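Please keep the sequence and the model in view while reading.

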Amino acid sequence: MTEEGQFRALYNKYRPQRFAEVVGQRHIVRILQNALAHNRVSHAYMFSGDRGTGKTTVARILAKAVNCLEGVQPEPCNRCDNCLGVGRESFLDLIEIDAASNTSVDDVRALREAVRYRPGVGRYKVYLIDEVHQLSRAAYNAFLKTLEEPPEHAIFVLATTDAHRVLPTVRSRCQHLRFRKHTHADTVEELSRIATGEGAAFNKGSLHMIARNSDGSLRDAIGLLDQALSYADEELTESLLREMLGITGVEAVARLTEAIAAGAPGQALMLVGESVQDGSSPATLRQELVDYFRGLLLVKTGLRDQDVLQYSEAELEDMQRQAERFRIGQIVECIEILAESSVARRSGFSPQLDLELASVQACLAMAADAGGVASTRPAAPAQYASRDAKPAPPPRAKADGSETQGAATARDTDADSKAVPDDITEALRADFQAFTAAVKEWHPIYATFFEESRLSRDGELLVFELTKPGYVDALSKPDNRARLRDIVADLTGQSVGVECRLRPAESMDRSGLDTDNYVTMHAVKMYGAEIIEDNRPQ
Ligand SMILES: [Zn+2]
């Protein structure tokens, strides 16, 4: 028995037996019940929709309703021999065909032949043809003749996950009913009904977690619940699911998000390491992080709908607070970074490094906004390696959201300028955003040149270390230098000389201050990677 097969028991046990029990397809149920009530059932239906949305279930209820010994009515009685026969999958006049394995013309000819004969015990022969889009063209053509003039006693239900691949000539002869993905709320409610029916102890958060991981398929969700219940001796909780499914809880994702909000790459790396060590798959964790940031975006833009967001009310409360730490643009940037990490793909690194890189990049994006990325130093490798030395977890969310931790991190970690604490560089770093805003007002494109820039001093000169020679050239023009000097003077009240230089490529022994390099070093250390080529912009 396949693994999936093992966990179908619960799904079958709680499979809806009446239209009233069908979850999330009210529009379809109404159409069918109306037809049944007025004895106007169509001879050909096409049921389209994702797997696990209930197509087969509804087809079986329909087969009962038209064959019920108590008469054709909007709900089957579920007591008569015919209804019970369908329930036991032993009713002769319900013929279920898998088009994926019965695709030949001969199969269809046999079907055509069989259709002509009257039903054995029921009123109607109901043909449920699953994955009908897999029929060959020849088989379609043979079938079309039957569909053009169906006998009075036949009802066809053509089920497909891909309606567009069904020939238009077939489609046009059917009444097309589109099954919707189950909403998050529907899924949680159904899981709750089943878990309660099984007498299981569970917390609501665990059901939300299962629903989130089933992508709108009720069947998958119930399969996961089945798996979870056979695994759990005690109460079903998020941590148990995490252990079992290798998925990360919202809490861990929220903490990682907190590290990104704070622009703290060291913290982020440590949290990724912990989650992976606790059994999360890096690829899944990454997807969850993307989903979470999408949630932040929706919350931030005022769309706090549980069905769309698939988080519990308590989690949404936390997200609401956390969203205040980001601007919309920053969330979008983080999603872009997290959803795609070209560096790692190019290098063929492991999913863990891929996620680590993306997390660090997201941190850097935040830190750059908060106070200049120049001085954001990641945690030392030794600290990352030792789980004992982990710092206190970051706060889940700041209620006031007033302090930007990125700026604080930037100040604290810059050893170079500690000797001159009231230095002008210090003042600029503390409010680098004000500086970039002022540059942006002058010249929006020049403002982008300061992304990933570094700020340092050379004697009396204030030095902006930029990442591209082109940036340095542009901003080194006398007029532009003068303008930068004015902006700095406006912001700090001090007039100093300003110079732009190219940010030097890091040598290994200076890597302590360079996060890009740190990640590479980390890869070398952890995966035995070899540096073949240095593609970083010079
Ligand atoms: Zn009946």
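A residue is called buried if its relative accessible area is under 20%, exposed if over 50%, and partly exposed in between, with a 1.4 Å probe and protein chains only. The model is predicted, so local features need pLDDT of at least 70 and side-chain atom pairs count only at pLDDT 80 or more, whereas totals for chains, interfaces and linings use all residues. Residues are numbered from 1 along each chain as its sequence is written, and side-chain values use heavy atoms, with hydrogens and water left out.

Cys68 and Cys77 are both buried.

Helix H7 covers residues 137–148; helices (H or I, at least four residues) and strands (E, at least two) are DSSP runs numbered from the N terminus. Its end C-alpha atoms are 16 Å apart, in agreement with the 16 Å that 12 residues should span at 1.5 Å a residue, the expected span being 1.5 Å times one less than the number of residues. Buried residues in H7 are Ala139, Tyr140, Ala142, Phe143, Leu144, Thr146 and Leu147. Among the elements that cover the buried residues of H7 are strand S1 (44–48), helix H6 (105–115) and strand S3 (125–130).

Side chains of opposite charge can pair when their charged atoms come close. The whole structure holds 18 salt bridges, each a side-chain nitrogen of Lys or Arg within 4 Å of a carboxyl oxygen of Asp or Glu. Arg212 and Glu315 form one of them, at 3.5 Å from N to O. Arg212 lies in helix H10 (residues 204–212) and Glu315 in helix H17 (residues 313–323), so this pair ties together parts 103 residues apart in sequence. Glu465 and Arg454 form a salt bridge with closest N and O atoms 3.8 Å apart, and both residues are buried.

Definitions and conventions: Contact means heavy atoms within 4.5 Å.
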